[in-house]
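Subject: Structure handover and findings

Hi,

Here is the structure for your files. My notes follow below it.

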Amino acid sequence: MKRFFDLLFSIIFAVLLLPVFGVLIAIIKLTSKGPIIFKQRRIGKDKKEFNIYKFRTMYIDAPKDVPTHLLENPDKFITPIGKFLRKTSLDELPQIFNIIKGDMSIVGPRPALYNQYDLISLRDQCGVNLLRPGITGWAQINGRDELPIPVKVEFDRYYVINRSLWLDIKIIYKTAFSVILGKGVVEGKQEEKKEVVKI
């Protein structure tokens with residue numbers, strides 16, 4: 001049932017957002033050299049690797065397999081339009097096609113980079129890697145890039161145990177507000193938080 005709704009809504013949104021895609025493609029092409037779409041190796045359901053699609057927000061000489069929030073000076077790599085796309089999460093729109101392909105779901109744990117071995121290992125212990133990853137998820141609406149990995153995994157574990165249609169609806173609803181407010185987007189290396197986060 002979840003796969004049916006993922007496919008249905010993704011196709012509908014892909015059609016409705018065609019004008020937005022056209023505008024963003026033109027702006028990206030005009031403001032920096034390089035491909036329109038950025039592809040990156042991620043870990044999917046059952047730890048199967050896939051290429052996630054995003055609108056390119058960084059220059060072509062930027063480190064490819066390092067999370068942006070771990071870069072020492074991310075501003076020098078982000079394109080003029082890139083910061084806006086990241087802040088508004090518009091760079092994530094091409095993941096609609098990842099959903100149509102079956103790599104991802106609308107809601108689920110965010111897919112780890114193939115080389116985030118600590119995150120992948122902790123997720124193994126909680127059954128997170130058995131799920132199809134999502135464009136948004138429980139951890140996304142509770143801190144996103146601000147979360148240390150162990151805390152992020154606790155939120156992922158909560159989703160594994162409590163996942164339901166109503167929780168997915170709640171996550172989608174809260175995601176809209178997080179995107180509007182730009183909550184949880186972190187650029188550059190941060191000090192790891194020590195406080196306990198209530199799940």
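Leaving aside neighbours within four places in sequence, which residues is Ser32 in contact with? They are Arg56, Tyr59 and Thr79, where contact means heavy atoms within 4.5 Å.

Before the rest, the ground rules. This is a predicted model, in which local features need pLDDT of at least 70 and side-chain atom pairs count only at pLDDT 80 or more, while totals for chains, interfaces and linings use all residues. Residues are numbered from 1 along each chain as its sequence is written, and side-chain values use heavy atoms, with hydrogens and water left out.

Overall layout

The protein has 7 helices and 4 strands. Helices are DSSP runs of H or I with at least four residues, strands are runs of E with at least two, and numbering starts at the N terminus. Along the sequence the order is α-α-β-β-α-α-β-α-β-α-α. Of the 199 residues, 45% are buried. Buried means under 20% relative accessible area, exposed means over 50%, and partly exposed is in between, using a 1.4 Å probe and protein chains only. Take the contacts with a separation of 6 or more: 70% of them join residues 24 or more positions apart.

Ser32

Back to Ser32. It sits in the loop between α2 and β1. Its relative accessible area is 10%, so Ser32 is buried. Its side chain makes a polar contact of 3.0 Å with the side chain of Arg56. A polar contact is a pair of N or O atoms within 3.5 Å; within protein, one must be able to donate a hydrogen and the other to accept it, and residues adjacent in sequence count only if both atoms are side-chain atoms. Ser32 and Met58 are 26 residues apart along the chain, with their C-alpha atoms separated by 8.8 Å.

The loop between α3 and α4

Two residues here deserve a look. Glu92 lies in the loop between α3 (82-88) and α4. Its relative accessibility is 11%, so Glu92 counts as buried. Not counting residues up to four places away in sequence, Glu92 touches Lys54, Arg110 and Arg144. With Arg110 there is a side-chain to side-chain polar contact of 3.3 Å.

Ser89 is in the loop between α3 and α4. Its phi is positive, about 65°, although Ser89 is not a glycine. Ser89 is buried, at 14% relative accessible area.

Asp46 also has a positive phi, near 60°, in a residue other than glycine. Asp46 is in the loop between β1 (37-43) and β2 (49-55).

Asn98

Asn98 belongs to helix α4 (residues 95-101). Is Asn98 buried or exposed? It is buried, with a relative accessible area of 0%. A polar atom of its side chain lies 3.0 Å from the backbone oxygen of Asn51. Leaving out residues up to four places away in sequence, Asn98 touches Phe50, Asn51, Ile52, Tyr53, Asp103 and Met104.

Phe9 is in helix α1 (residues 2-16). Phe9 is partly exposed, at 36% relative accessible area. Its C-alpha atom is 8.9 Å from that of Ile106, which is 97 residues away along the chain.

Leu17 is in the loop between α1 and α2 (18-31). Setting aside neighbours within four places in sequence, Leu17 is in contact with Leu93 and Ile96. Leu17 and Leu93 are 76 residues apart in sequence, yet 8.9 Å apart in space, C-alpha to C-alpha.

The α5 and α6 pair

Two packed helices are described by the angle between their axes and the distance between the axes. The axes of α5 (residues 117-126) and α6 (residues 149-162) come within 10 Å and cross at roughly 30°. Axes are lines fitted to C-alpha atoms, for helices over the stretch in contact, and angles run from 0 to 180 degrees between N-to-C directions. The two helices, α5 and α6, are therefore roughly parallel to each other; that label covers angles under 35 degrees, with over 145 roughly antiparallel, 65 to 115 roughly perpendicular and the rest oblique.

Which residues meet across this pair? From α5 come Asp118, Leu119, Leu122, Arg123 and Cys126, and from α6 come Ile149, Pro150, Val153, Asp156, Arg157 and Val160. The contact of α5 with α6 divides into 7 nonpolar, no polar and 4 charged residues. Here Ala, Val, Leu, Ile, Met, Phe, Trp, Tyr, Cys and Pro count as nonpolar, Asp, Glu, Lys and Arg as charged, and the others, Gly among them, as polar.

Best wishes
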